[in-house]
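Please look at the sequence and the model before reading the points below.

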Amino acid sequence: MSTRIAFLKGHGTENDFVIVPDPENALDLSPAAVAALCDRRAGIGGDGVLHVVRSAAHPEAQGMAAEAEWFMDYRNGDGSVAEMCGNGVRVFARYLQHAGHAAEGDLAIATRAGVKTVHIAKDGDITVGMGRARLPEGDVTVTVGEHSWPARNVNMGNPHAVAFVADLAHAGDLYTAPPVSPAATYPDGVNVEFVVDRGPRHVAMRVHERGSGETRSCGTGACAVAVATARRDGTDPAVTGTPATYTVDVPGGRLVITERPDGEIEMTGPAVIVAEGEIDAEWLAHAFG
Ligand SMILES: N[C@H](CCC[C@H](N)C(=O)O)C(=O)O
């Protein structure tokens, strides 16, 4: 029998991930291997992979090792690398707790968008310090079939285009990436969110994620949506001097986003480890070429 590789399956508001613990960064997780793991028929299935590596063992995280012992090497389901994954950080923290590497309370996690502070609460919810949003000047345009909308360009470490629509059904089937123009705005692709109002400080969204397609939830996307909505509503905390908290309903559940007057954004939501098992290393090495 060939070597076995441990994995776990987890999700945060049904944004689901294959977790691959690899403290010494010994595995060669090629884009093809990631796509094989995420394949929902021939693999384990997931929107992405959380490769769990000690920061000191990864060239992109060594500089953060003094601050954060663990590095979330996040990959999208198509094998591409993304700067940040909000739901992924919560599930990553839950894995560290599950594996005995973290307890309730605060911990720091290294990511490609810098070190994120995480709080694991007694009630099980996890809060992530997501940092500040960047909102480059100028709207972009999102198109689905006959419909086009202006959209806010919001960067949460990764790129987002946030469009306010009258009905989430107008986003269509989201099987393919909605065209965003000018395309040059996002040379490396973009996550596209569609938003409707549900009440005061309460919205609902759908998302087409770069590298994963339509997902049931996007943590960085929910933050981008909350920030864009606060600008639309005139509740920008930097202007009002008071924090703005928005409830963001995603198809897979609910996230709560608070932006503070200093621009720092906190996201709170659930994270669940569903299963654990072993992968045949031979299969992974040859899956999908
Ligand atoms: N697809 C995203 C990364 C994952 C984001 C999402 N799953 C989240 O929870 O933030 C991108 O390529 O920027």
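Two residues are in contact if their C-beta atoms, placed from the backbone, lie within 7 Å. By that criterion, 19 residues of domain 1 are in contact with 21 residues of domain 2. The model is predicted.

**Domains and their contact**

- The domain assignment of the protein chain gives domain 1 as 4–125 + 271–286 and domain 2 as 140–269.
- The C-alpha centres of domain 1 and domain 2 are 24 Å apart.
- On the side of domain 1 that touches domain 2, helix H2 supplies the largest share, with 3 residues.
- That side of domain 1 comprises 4 nonpolar, 9 polar and 6 charged residues.

**Ligand shell**

- The ligand is surrounded by 17 residues, and the closest are Ala82, Asn87, Asn158, Gly219 and Thr220.
- The shell has 3 nonpolar, 12 polar and 2 charged residues.
- Both domain 1 (4–125 + 271–286) and domain 2 (140–269) give residues to the shell, so the ligand lies between them.
- In an unreviewed entry, UniProt places the feature "binding site" at Asn15, Asn76, Gly86, Asn87, Asn158, Asn191, Glu209, Arg210, Gly219 and Thr220.

**Helix H2**

- H2 runs over residues 86–98, which is 13 residues. From its first C-alpha to its last H2 reaches 19 Å, close to the 18 Å expected at 1.5 Å a residue.
- Of the 13 residues in H2, 12 are buried, and the helix is mostly covered.
- The buried residues of H2 include Gly86, Asn87, Arg90, Phe92, Arg94 and Tyr95.
- Just after H2, glycine 100 has a positive phi of about 80 degrees.

**Helix H3**

- H3 has 15 residues, which should span 21 Å at 1.5 Å a residue; the end C-alpha atoms of H3 are 21 Å apart, in agreement with this.
- H3 is also mostly covered, with 12 of its 15 residues buried.
- Among the buried residues of H3 are Gly219, Thr220, Cys223, Val225, Val227 and Thr229.
- Just after H3, glycine 234 adopts a positive phi of about 70 degrees.

- Asparagine 87 is found in H2. This residue is buried because 35 other C-beta atoms lie within 10 Å, against a threshold of 20 or more.
- Leaving aside neighbours within four places in sequence, asparagine 87 is in contact with Gly12, Thr13, Asn15, Ser217, Cys218 and Gly219.
- Asparagine 15 is found in strand S2 (residues 15–21). Asparagine 15 counts as buried because it has 31 C-beta neighbours inside 10 Å.
- Not counting residues up to four places away in sequence, asparagine 15 touches Asp47, Asn87, Thr215, Arg216, Ser217, Cys218 and Gly252.

**Alanine 42**

- Alanine 42 is in the loop between helix H1 (31–38) and strand S3 (48–54).
- Is alanine 42 buried or exposed? Alanine 42 counts as exposed because it has 12 C-beta neighbours inside 10 Å, and the exposed class is 12 or fewer.
- The C-alpha atoms of alanine 42 and alanine 287 are separated by 9.1 Å, although these residues are 245 residues apart along the chain.

Methods. Residues numbered from 1 in each chain as written. Predicted model: local features only at pLDDT ≥ 70, side-chain atom pairs only at ≥ 80, totals over all residues. Helix = DSSP H or I, 4+ residues; strand = E, 2+ residues; numbered from the N terminus. Expected span 1.5 Å × (residues − 1). Near = placed C-beta within 6 Å. Nonpolar A, V, L, I, M, F, W, Y, C, P; charged D, E, K, R; others polar. Domains from an automatic or database assignment. UniProt positions renumbered as here; feature names shortened; annotations may be inferred.
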